[in-house]
Amino acid sequence: MNLLTLLQGDLRALSLEAKKKFPNVKEAAEVAIVKLRPLEKKEKMKCIDEIARMDEVVKVIAAAFESKSPRLLSLAIPLAQKLLSANAVTQHNLEVLLRLLATMTSGVSDELQVKTLQTLTTLVTTNQGLHGPLLASSLETSFVLHNTGGPAVRNAAGASLPVVLSTLFDRAAAEIKAKGTTPSAQKLFHHPAPAAAAAQVEVETKEPETENKENELKKEVKEKDKEDKAEKKEVKEKDDTESKEKDKEEKEKDDTEGKETEIDAAKEKAQKEKEEELKEKEKEKEKEKEKEKEKEKDDTES
């Protein structure tokens, strides 16, 4: 499944979850969906470049974070992770997302903090161009989560941070090697000849361990993606059920109102018939009185 399809699915889920309670999130999500639609026919790389130049998806994520709704946050964080893993953001929007993720260090559930940690881990390990303050901000948030989070968060951080640090050291070594080593760099990354064989053995021993940790992290990310999909499915089923129940209630209400209208009409008809009957009786009484008067008159004349 490509990035565009994944983003559209997440945005629809956010729009559906926001409904009337968070109209600004719903409106922002719908605007982003409309903006993404023309990209469906473009090539993958061009599509990613176009997404990166857009602000609409990041605005949806920001609105979801501002709502402080746990359900919206549980959908917004994976959406941010997809953007970051594909490097589909400008530097400005990357700064915005990192500031938003930094707010997850307190006042939220362990589940949201674990998702935040996974997102930061994905960013640091996949974005080769992450340097300076942005990299420092990512690491700072990760370590704060490790130090202040609950058991689940600390366990996740304990598994991901060694992989992150190992990746960064490997990347730094590769960059220094590509640019040419300096005397100070030689001390860090060059081993004396007698120790060369031992160093090589040590590196070879550590590589499988790092690879295993990376595989475990990837597996964990896949599992979380499955959980996210299951959660979205649950939300959709819940909304469908609520919609059906609402339709059923409205239909029952309409039926009840219809029956009440029929009863009222029947009562009104019965009332009218009764009134007509009383009028007829009154007329008959008046006729009888007139006949009696005529009879009395005839008797008097006689």
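This is a predicted model: local features need pLDDT of at least 70, side-chain atom pairs count only at pLDDT 80 or more; totals for chains, interfaces and linings use all residues.
Helices here are DSSP runs of type H or I with at least four residues, strands are DSSP runs of type E with at least two, and both are numbered from the N terminus.

Residues are numbered from 1 along each chain as its sequence is written, and side-chain values use heavy atoms, with hydrogens and water left out.

Of its 302 residues, 33% count as buried, where buried means under 20% relative accessible area, with a 1.4 Å probe and protein chains only.

Next, select residues 3-18, which form helix H1. This helix has 16 residues and reaches 22 Å from its first C-alpha to its last, close to the 22 Å expected at 1.5 Å a residue; the expected span is 1.5 Å times one less than the number of residues. Show the side chains, and look for the buried residues of H1, among them Leu-3, Leu-4, Leu-7, Leu-11, Leu-14 and Ala-18. An α-helix has 3.6 residues a turn, so residues three or four places apart point the same way. Then step on to Lys-19, which follows H1 and has a positive phi, near 45 degrees.

Now select residues 70-85 and 91-102 together, which are helices H5 and H6. Their axes come within 12 Å and cross at roughly 145 degrees, where axes are lines fitted to C-alpha atoms, for helices over the stretch in contact, and angles run from 0 to 180 degrees between N-to-C directions. Ile-77, Ala-80 and Leu-84 of H5 meet Leu-94, Leu-97 and Leu-101 of H6, a contact being heavy atoms within 4.5 Å. By class, this contact has six nonpolar, no polar and no charged residues.

Finally, select residues 110-126 and 132-148, helices H7 and H8, which pack at an angle of about 150 degrees with their axes 10 Å apart. On the H7 side, the residues in contact include Leu-117, Leu-120 and Val-124, and on the H8 side they include Leu-135, Ser-138 and Thr-141. This contact of H7 with H8 has six nonpolar, five polar and no charged residues.

Note on methods. Ala, Val, Leu, Ile, Met, Phe, Trp, Tyr, Cys and Pro count as nonpolar, Asp, Glu, Lys and Arg as charged, and the others, Gly among them, as polar. Buried means under 20% relative accessible area, exposed over 50%, partly exposed in between (1.4 Å probe, protein chains only).
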